Amino acid sequence: MIIVCHHCSSRFQVDDQKLAGRRTTNCPKCNQEIDTIPASPASAKSGASLGGSPATDSKRYRHARPAPLFEVEAGDQKLNGASETEKLVQMLAAVLGKDTQPESAAAVDAVPWKQRKVLVCTAEEHREKIARLLAKDGYQVFVALDTEQAVERMREKRLDVVLLDPNFDAVEQGAAFVVREVNVLRPAQRRRLFFVLLSPSMRTLDAHGAFLNNVNAVINIKDADDLVGILNLSLRGYNELYSDFNSALKAAAI
C-alpha cells in the first residue's frame, strides 16, 4: 500500500499485513500520525505524482513565506475589507441578536463580524485587480506571488475561498500544486473551503465544468469586473445547500 502523508506530502510504501487492524501510522519523514487510508485517484492525479511541493522542499534554514495580506491604499473607503466602524457595528449586532442592516442580498451574504478569508492565485496580469475588488467588498485577501506562498497559506487551514487561475506560476506548475492541496483535504475540511476556477475559456457558472474540474464554481476571467457579485451569489447558493447540515453540526456558513 502506498500512503501519502498529509503533513509533509511524503509518499511511502507499507506492507498491508503490518497495518492489519490499524487505522493510523507514523510518517517516517516527519513522524506525524497519519491515516492509513490510501490516497484517492483525484489526489494522485493532481498532486502525489508531482513529488514534493515547493513548500516541503524548502531548506530547513529558510522561513516559510505564506501569501501576504493584500493592503488597500489609505485613500480608499475600506482598508483590507470592512472598516473598523463597520466591524464594531457588526459585532454589537451579533451580541445583541439584532441585525442593524436592511434585509438585502448583501446582508444575507456574509456572516456578521467574520471576514471571509480568500486566497488569490492568479497570473500577474489579473492579480491586483481581483484582489482590490475583493478587498473593497469586505474580504480579507491574501495574494500568492508564487507556488510556495500559495501552499504555505493553504496549509494554515484558515481560508474560506481559494481562487485559482490555471496560469498561476506556470513555470513551477503552481496550479497543479494548489489543486493537490485541495484534493488531499478530508471531507469535513473540503466542505469548509469554496474552490473557484478562474477559466480563460469555460463559461461562468458552468456547473458541468465545475464538476469535471472538482471545483465549486467556474468564473470566466473575462467576467472579472463582476467577479465579486458572481462569487457572492455562488457562496449564497452553497450555504443554502448545506444549511441543514451546518445547523446539525452547529457550524457557521462560509
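The model is predicted, and accordingly local features were required to have a pLDDT of at least 70, side-chain atom pairs were counted only at pLDDT 80 or more, and totals for chains, interfaces and linings use all residues. Residues are numbered from 1 along each chain as its sequence is written, and side-chain values use heavy atoms, with hydrogens and water left out.

The chain contains 10 helices and nine strands, where helices (H or I, at least four residues) and strands (E, at least two) are DSSP runs numbered from the N terminus. Of its 254 residues, 41% are buried, a term used for a relative accessible area under 20%, with exposed meaning over 50% and partly exposed in between (1.4 Å probe, protein chains only). Among the contacts in the chain with a separation of 6 or more, 59% are accounted for by residues 24 or more positions apart, contact being defined as heavy atoms within 4.5 Å.

Strand β8 (194-199) is joined to β7 (161-164) by four bridges, and the two strands run parallel; V161 has F194 of β8 as its bridge partner. Strands β8 and β9 likewise pair in the parallel sense over four bridges, pairing being assigned if DSSP finds at least two bridges between two strands, and V218 in β9 is the bridge partner of L197. Together with α8 (207-212), these two strands make a right-handed β-α-β unit; the crossover is termed right-handed if, with the strands pointing away from the viewer, the path from the first strand over the helix to the second runs clockwise. Both faces of β8 are covered, with F194, V196 and L198 buried on one side and F195, L197 and S199 buried on the other. Strand β9 (residues 217-220) is also covered on both faces, by the criterion that A217 and I219 on one side and V218 and N220 on the other are all buried.

In soluble globular proteins, nonpolar side chains tend to be buried together. The largest nonpolar core of the model has 25 residues, of which L134, V141, L163 and V196 touch the most other members; such a core is a set of buried Ala, Val, Leu, Ile, Met, Phe, Trp, Tyr and Cys residues joined through side-chain atoms within 4.5 Å. At least two residues of this core are supplied by each of β5, α4 (124-136), β6, β7, β8, β9 and α9 (227-241), and the largest share, six residues, comes from α9. Another core, of 21 residues, lies apart from it and has L119, A144, V182 and M202 among its members.

Helix α5 (residues 147-154) is mostly covered, eight of its eight residues being buried. The elements covering these buried residues include β5 (117-121), β6 (140-143), β7 and α6 (174-183). At the start of α5, a side-chain oxygen of D146 reaches to within 3.3 Å of the backbone nitrogen of E148. Within the helix, R153 counts as buried because its relative accessible area is 12%. A polar atom of the R153 side chain lies 2.6 Å from the backbone oxygen of A67, and, when residues up to four places away in sequence are not counted, R153 touches P66, A67, P68, L119, F142 and L159.

Several loop residues also take part in specific contacts. In the loop between β7 and α6, D169 makes a polar contact through its side chain with the side chain of T147 (2.6 Å); a polar contact is a pair of N or O atoms within 3.5 Å, of which, within protein, one must be able to donate a hydrogen and the other to accept it, and residues adjacent in sequence count only if both atoms are side-chain atoms. Leaving aside neighbours within four places in sequence, D169 is in contact with D146, T147 and G174, and its C-alpha atom is separated by 6.8 Å from that of A123, 46 residues apart along the chain.

In the loop between β8 and α8, D206 is classed as buried because its relative accessible area is 16%, and its side chain reaches the backbone nitrogen of G209 at 3.2 Å. I221, in the loop between β9 and α9, is buried with a relative accessible area of 15%.
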